[in-house]
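Here are a few notes to read with the model open beside you. Take them in order and look up each spot as you go.

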Amino acid sequence: MKSFMYHYVRENSEEYPFSRYKGLQDFIREVSFIKKTNSFLNTSDAINEKNLKNHKNIVILTFDDGLKDHLKVAELLKEKNISATFYISTNPLTKRKLLHVHKAHLITSKFGPESINILKKVIDNLNLSLEEFENKNEKNIFQSRYDAHNDFDEIKLFKKIINYYGSIGLRDQLLDEILRIKNIKSDVNSFYLTKKEINYISSLGFEIGSHGVSHNPMSRLKEKAQFEELKISKKFLENIIKKPITSFCYPYGRKNSYNQVTINFLRENNYKNAITVDYRDISDKDINNKYEIPRYDCNEIKKIFNI
């Protein structure tokens, strides 16, 4: 059994020359090829599949962050009778603002390697130093994050600082200032799925799961904040789709982006499974555990399936 994660599924944008995405036609071509020899199930149905002999040919498609791209994706998958799970972060729906991770994507997609110099300049303009902005303990923990990614070193450094060890309290202030001075605009309604669209995707038969509230690595949050992320996002999404939310997707998903506290709280909040980022097949051991289901990046598909 294999699981794959997607984020942006769209066509090229000249405005954002450094953007990273899965082309829409490429996506259609890949899932059509996989469907010839495999069955698609959503996360919960796949993990609960009792016939272990079938596990080898089961594929799980997952889509993170509740992006507007996923509306078209859901309709295309429905036409092909392909199941999937869509994981939603709820802050954009309640606060009507972009998540920090997507503010960072807009900046790096537009300016590429220059993004890190722009960030340093804004930090300096606020009479801070990079050392003051960074959390030293978390820097030690997350220093190697993104190192294996095929990207510019400057972009990887920018993402490490913003997503993993830059001050959560100052981070959005810095990103908002970059967006302001560089005149980068993005409307929340055009960037994310609306409540109505999430309910529509659910009505098509797709599983809706929680991706938390703020898209922070759970391990960076105190215990109370972790519990609230899980409880609040679950209740909010259940109120939209009028169905139980039982699957969770860890923001960022690598091993140290969550901890045992997170797993304990998942059980306490009646989540039945959780999905990570760990590039390997899903084993019987994973299925028995259910709270650390591994997942490949969608860019691994061509290599894995020899497309």
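Where does asparagine 81 lie? It lies in the loop between helix 3 and strand 4. A word on the ground rules before the points: this is a predicted model, where local features need pLDDT of at least 70, side-chain atom pairs count only at pLDDT 80 or more, and totals for chains, interfaces and linings use all residues. Residues are numbered from 1 along each chain as its sequence is written, and side-chain values use heavy atoms, with hydrogens and water left out.

1. Asparagine 81 has a phi near 55°, a positive value in a residue other than glycine. For background, most residues other than glycine have a negative phi. Asparagine 81 is exposed, with a relative accessible area of 67%. (Exposed means over 50% relative accessible area, buried under 20%, partly exposed in between, using a 1.4 Å probe and protein chains only. Helices are DSSP runs of H or I with at least four residues, strands are runs of E with at least two, and both are numbered from the N terminus.)

2. Now look at histidine 215, in the loop between strand 5 and helix 13. Its phi is near 65°, again a positive value in a residue other than glycine. Histidine 215 is buried, with a relative accessible area of 3%.

3. Next, strand 4 (residues 85–88), which is covered on both faces. Thr85 and Tyr87 are buried on one side, Phe86 and Ile88 on the other. In general, side chains in a regular strand alternate between the two faces of the sheet.

4. Strand 4 has parallel partners. Strand 3 (residues 58–64) runs parallel to strand 4 and is joined to it by 3 bridges; strands pair if DSSP finds at least two bridges between them. Strand 5 (residues 207–210) also runs parallel to strand 4, with 4 bridges. Follow tyrosine 87: this residue is the bridge partner of aspartate 64 and stands opposite glycine 209 in strand 5.

5. Finally, the helix pair. Helix 13 (residues 223–241) and helix 14 (residues 260–268) pack at an angle of about 40°, with their axes 10 Å apart. (Axes are lines fitted to C-alpha atoms, for helices over the stretch in contact, and angles run from 0 to 180 degrees between N-to-C directions.) The contact, meaning heavy atoms within 4.5 Å, includes Phe227 and Leu230 of helix 13 and Phe265 and Leu266 of helix 14.
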